[in-house]
Amino acid sequence: IKRIELILAPEAQSNDLNSFSHAFKSAKLKVLKLCCVAADLLGPNTPNIRYKDKGHALFHCFNYSSHQGDLKVPGKILKRQRELAALEFYSKIIIDKIQFRNFFTGIKYLNRLVHLGLFIQYSSKIPHTEINYLRKYIENKREIKRLILDFFGTDEKLVLQSKINLIDSVKELEKLRVQFAFNTYFEDDHGKSVLEKISSYHNLKALSLGLCNCSISRTFEELEADLIELNNLEILELDFSGSSLTNQAINNITNLVRTKITLKDLRLDFSSSRITDSGLSNLADALGGLLNLKRLNIILFSCGLITNNGLRDLLNGIQNSSLATTLTEFGMNLTQSSKITVQGIIAFCKFIESLQSLEEFEFEYKVLDSVDIFLEAFGRSVQNCQNLKKLKLNFKSSRISQNVIDSFYKNCKAMEQVTLLNKNNKEEIPVTSFFGIF
């Protein structure tokens, strides 16, 4: 047996899982997928963590009720499956010291571990001593090349610092994702510490950094200098949504992007920031120098200071640069950016025709008025895009006439996949997921 997928119902008991633990004893698994779910937590917010690696264990620990011993059983499974190359642990429950240690004692037996992902939410009951305990296990795993540290929720300061210290616990990383979201105590000093630790990975090829809804106004004052040694980056994802970045902070981020000429994949999330039209112009200028860039996604959700002029400057800057021939995927989200009108997004019609290699285009936008004028013009433009294969548009409850929809689909009949949505949902439209690189 090389692959086992097991889903336990909410009423499953510790003894049930323990029985499977004994069954796994003689197997030499390459893939172990264990999902422990609770019906009240399943729904649209349930994470969909994708994986591609052989030898990948994925634990969904949504709810273990009151059984502290439950996490000990997966720890035993790991102890017996020493061939596993990848492990992701997802916890959407409040786990305590005993549960945390019970599970992660199994990591020390995984001597071929290449990929480690920790998705831990609501972990305020885990003392910093336990995080340090985990760090000791990770430090000995020199084979790890891909590390994901995804933390959600507020911690006391000692716990927060111990989580930050996990970042540089592995010596030779190639791909790193760090996320601290909705942490009340996360401040500029913490942000600078994160950047300092990331900068130690000179061979890093992929970086995803998310500091969502954190107080980080001064963190990016010397961002370019902090990350100047990362000269091999091919994938960069920066998510500072909800952190109220100033226009100067965004310019510092733009200057960083300008220096990473090896980039092939770039995703920037400036949602709810104070970016202005001049910020978009500077961004366009920086992007123009990325000669190897193939995938670009820019999220400007709820950016109330940008106008039609700034959007046109950004799109014109891209289409008048080398990106017009190199970009294969492009995505943008302008939902709730109140000063961007239907007349402003008309610029996308000329823009999409200018991208000669474009294969995938995704766009999200919401306006109270009808988008008929844009959709009619855009439908005519896509007919001139010979390489365009996938198209996804979401207009978020904007008004669209049925005859315009019918005409639009006729214009797109040569494409492999066309999605036209007209509904409110929480789904973002990333051109490429960071996890897809694994």
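1. K76 sits in helix 2, residues 72–80. Helices here are DSSP runs of H or I with at least four residues, strands are runs of E with at least two, and both are numbered from the N terminus. The model is predicted: local features need pLDDT of at least 70, side-chain atom pairs count only at pLDDT 80 or more, and totals for chains, interfaces and linings use all residues. Residues are numbered from 1 along each chain as its sequence is written, and side-chain values use heavy atoms, with hydrogens and water left out.

2. K76 counts as partly exposed because its relative accessibility is 35%. Buried means under 20% relative accessible area, exposed over 50%, and partly exposed in between (1.4 Å probe, protein chains only).

3. L315 belongs to helix 10, residues 308–319. With a relative accessibility of 0%, L315 counts as buried. Leaving aside neighbours within four places in sequence, L315 is in contact (heavy atoms within 4.5 Å) with F330, A347, F348 and F351.

4. For the protein as a whole, the secondary structure comes to 15 helices and 15 strands. Of its 438 residues, 55% are buried. Taking contacts between residues at least 6 apart in sequence, 86% join residues at least 24 apart.
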